[in-house]
Amino acid sequence: MSDCLFCKILAGEIPADIVYEDDKMLVFKDLYPKAEVHLLAIPRVHITSLNEVSDEHDEIIAHMIKQLPKLAKEQGLKDGFRTIINTGKGGGQVVFHLHMHLLGGSNLPGFQ
Ligand code: 5GP
Ligand code: ZN
């Protein structure tokens, strides 16, 4: 996906503050953080949104979700964290490469 912002970050064409990466996923700081800690976890493969997730992605999705608590602890979020996946325009999705928001710490926003 040549016009995908997050694919460009994966390719190293756009800089990002990367906090974790492995063969399935990349995790970096949100450029416009909505809380003290605000990370974005993305799969290395381009999946447009949760609407496009299928059986072939089971391993990737499970792996990503299981990494989130570890990432939260590494960020010092001992009391918990919030995970958000916006799906489609109606769900507030702006970047159309599946991503999991990991938020926590002070200034954690409520649902609006
Ligand atoms: P969405 O609204 O699609 O669920 O979330 C997209 C997120 O990407 C937003 O929280 C926004 O702040 C973040 N974002 C947008 N452009 C960039 C960028 O160039 N770099 C990084 N690191 N985050 C970005
Ligand atoms: Zn992409």
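His 101 places a polar side-chain atom 2.8 Å from an oxygen atom of ligand 1. The model is predicted. The protein covers 87% of the 520 Å² of accessible area that ligand 1 has on its own. Ligand 1 takes up the space of the largest pocket.

**Ligand 1 and its shell**

- Ligand 1 has 17 residues around it.
- Asp 30, Asn 86, Val 94, His 99 and His 101 come nearest to ligand 1.

**Polar contacts of ligand 1**

- An oxygen atom of ligand 1 and a polar side-chain atom of His 101 are 2.8 Å apart.
- Lys 34 also uses its side chain: an N or O atom there is 3.4 Å from an oxygen atom of ligand 1.
- Leu 31 takes part through its backbone, where a polar atom is 3.2 Å from a nitrogen atom of ligand 1.

**Leu 5 in helix α1**

- Leu 5 belongs to helix α1, which spans residues 5–10.
- The relative accessible area of Leu 5 is 39%. Leu 5 is therefore partly exposed, since this value falls between the cut-offs of 20% and 50%.
- Beyond residues up to four places away in sequence, Leu 5 touches Ile 14 and Val 95.
- Met 64 is 59 residues from Leu 5 in sequence. In space, the two are 19 Å apart, C-alpha to C-alpha.

**His 57 in the β3–α2 loop**

- His 57 sits in the loop between strand β3 and helix α2 (58–74).
- Its relative accessible area is 10%. Buried means under 20%, so His 57 counts as buried.
- Leaving aside neighbours within four places in sequence, His 57 is in contact with Ile 47 and Glu 52.

**Asn 107 after β5**

- Asn 107 lies in the segment after strand β5 (100–104).
- The relative accessible area of Asn 107 is 63%. Asn 107 is exposed because this value is over 50%.
- The backbone angle phi of Asn 107 is near 65°. That is a positive value in a residue other than glycine.

Technical notes. Residues are numbered from 1 along each chain as its sequence is written. Chains are lettered from A and ligands numbered from 1 in the order in which they are written. This is a predicted model: local features need pLDDT of at least 70, side-chain atom pairs count only at pLDDT 80 or more; totals for chains, interfaces and linings use all residues. Side-chain values use heavy atoms; hydrogens and water are left out. Helices (H or I, at least four residues) and strands (E, at least two) are DSSP runs, numbered from the N terminus. Buried means under 20% relative accessible area, exposed over 50%, partly exposed in between (1.4 Å probe, protein chains only). Contact means heavy atoms within 4.5 Å. A residue is near a molecule or strand if one of its heavy atoms lies within 4 Å of it. A polar contact is a pair of N or O atoms within 3.5 Å; within protein, one must be able to donate a hydrogen and the other to accept it, and residues adjacent in sequence count only if both atoms are side-chain atoms. Accessible areas come from the Shrake-Rupley method with a 1.4 Å probe; for residues, only the protein chains shown count as cover. On a 1 Å grid over the protein atoms alone, a cavity is a set of points where a 1.4 Å probe fits but cannot get out, and a pocket is an open set with protein on both sides within 12 Å along at least five of seven lines; lining residues have an atom within 4 Å of a point. A molecule sits in a cavity or pocket if more than half of its atoms lie within 2 Å of its grid points.
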